[in-house]
Amino acid sequence: MKNTFEHALPDAQGFFGEYGGSFIPSELQLVMDEITQAYDECRRDPEFQAELARLYKHFVGRPSPIFHAENLSRKHGVDIYLKREDLNHTGAHKINHCLGEALLAKKLGKKKVIAETGAGQHGVALATAAALVGLECDIYMGEVDIAKEHPNVVRMRILGANVIPVTHGRKTLKEAVDAAFEAYLADPITQIYAIGSVVGPHPFPMMVRDFQSIIGNEARVQFQEMTGKLPDNLVACVGGGSNAMGLFSAFLDDTDVAIHGVEPAGRSLEQEGEHAASITLGEPGVMHGFKSYMLKDAQGEPQEVYSVASGLDYPAVGPQHSYLKDIGRVKYGTADDNEAIAAFFELSRQEGIIPAIESSHAVAYALKLAQQGVKGSILINLSGRGDKDIDFVVENYGAQYGISELVRRYTLPT
Ligand SMILES: *Cc1c(COP(=O)(O)O)cnc(C)c1O
């Protein structure tokens with residue numbers, strides 16, 4: 001098994017080929033250099049690694065199992081396996097890197113972790129890690145998202161985090177990123193920015209990938225134990241790309257393993273603002289401190305993007321994905337809203353597993369591969385569970401799937 005923290009890429013400046021790097025104000029570069037150096041020490045430090053391994057095992061519940069989805073396999077004529085990140089404490093893969101970032105913050109002597117959140121998933125995972133490790137936590141969140149994602153706001157508050165409403169512009173994720181960034185610039189000494197995916201300036205794409213690579217390292221061993229072979233195909237959804245890099249990184253040298261990243265096609269790939277297919281339809285450029293494939297509008301600003309899965313609507317992808325696309329090691333495709341929702345119900349009803357709508361994109365794509373006659377086995381990274389999505393799905397798709405009566409909530413007769 002490969003060591004979690006040993007990967008050849010990126011280079012010392014944080015470049016994966018031409019992608020990545022660090023495009024930020026010089027005062028912030030000093031802080032990034034400090035983080036890079038601290039991380040470098042952490043990854044060599046057996047104590048740090050032992051502590052992280054202990055938390056993965058006893059707090060998160062790792063290793064997460066691989067499940068052979070036999071009903072789905074039989075029905076769709078291909079062998080489907082699921083890496084069950086949905087079974088992690090807090091219900092998704094994000095806790096893997098939030099714990100790493102929180103431990104690093106502690107080691108650097110920081111008092112507080114800060115971050116932005118859109119749907120609240122990163123906020124909840126970070127608030128969880130901060131509570132455990134003993135750090136303050138400020139989460140910047142657009143007012144519109146605060147209203148939409150009420151249960152996650154409540155979770156963060158229960159966990160002791162401050163949720164700071166962002167009240168300007170469209171009051172959603174983009175403004176929250178700007179607000180968190182500003183707050184960080186104002187005080188990069190006592191606090192540290194904990195980025196929520198394999199994006200941002202060096203060292204974050206490398207560091208978040210390394211923390212997530214536990215997924216692939218486990219899966220590689222587990223799958224061989226189960227089947228005596230490696231999987232023929234890997235499939236994972238790509239928002240910023242952390243769960244995908246986590247699974248993919250252990251298999252990059254296994255050239256017989258085909259690797260597929262799945263972006264959200266939303267309502268339409270034809271129309272700007274109706275999808276978030278950053279690598280499929282974007283171009284190389286710089287935003288949020290790094291170079292990668294991204295979707296920009298006519299003014300060169302990040303495009304408005306959309307997906308039914310709020311965890312996937314980001315106008316760029318992590319730089320290593322851009323590199324893997326260019327060298328042809330990973331193939332990137334899409335699944336749209338309707339395909340994802342169909343897969344959400346298919347997995348729920350065939351296997352008794354309700355997936356996150358984000359993860360449903362990966363399931364949908366695997367079913368498309370099956371339809372196209374792909375051979376052998378498919379290992380899907382089931383990045384999260386769908387509890388957070390059930391009300392939304394029933395309200396918007398209940399009628400279509402024959403459960404609309406649940407929308408009219410029952411009231412007891414008086
Ligand atoms: C946030 C999230 C994603 C997307 O993030 P990546 O960095 O692309 O992995 C995918 N699945 C779930 C369940 C999420 O919460």
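Predicted model: local features only at pLDDT ≥ 70, side-chain atom pairs only at ≥ 80, totals over all residues.
I started with K325, which lies over the face of Y293 at 5.4 Å from the ring centre. For such a charge over a ring, NZ of Lys or CZ of Arg must be within 6 Å of the ring centre and within 35 degrees of the ring normal. I also found R267 over the face of Y306, at 3.8 Å from the ring centre.

Residues are numbered from 1 along each chain as its sequence is written, and side-chain values use heavy atoms, without hydrogens and water.

Next I looked up ring pairs, and the structure holds nine aromatic pairs. Rings of Phe, Tyr and Trp (its six-membered ring) pair if their centres lie within 6.5 Å. One aromatic cluster is formed by F181, Y184 and Y193.

Then I turned to P46, which lies in helix α2 (residues 46-60); helices are DSSP runs (H or I) of at least four residues, strands (E) of at least two, numbered from the N terminus. Is P46 buried or exposed? P46 is exposed, because its relative accessible area is 62% and exposed means over 50%, buried under 20%, partly exposed in between (1.4 Å probe, protein chains only).

Last, I checked how far P46 is from L173. They are 127 residues apart in sequence and 37 Å apart in space, C-alpha to C-alpha.

Terms used:
Phe/Tyr/Trp six-rings, centres within 6.5 Å; stacked < 30°, edge-to-face > 60°.
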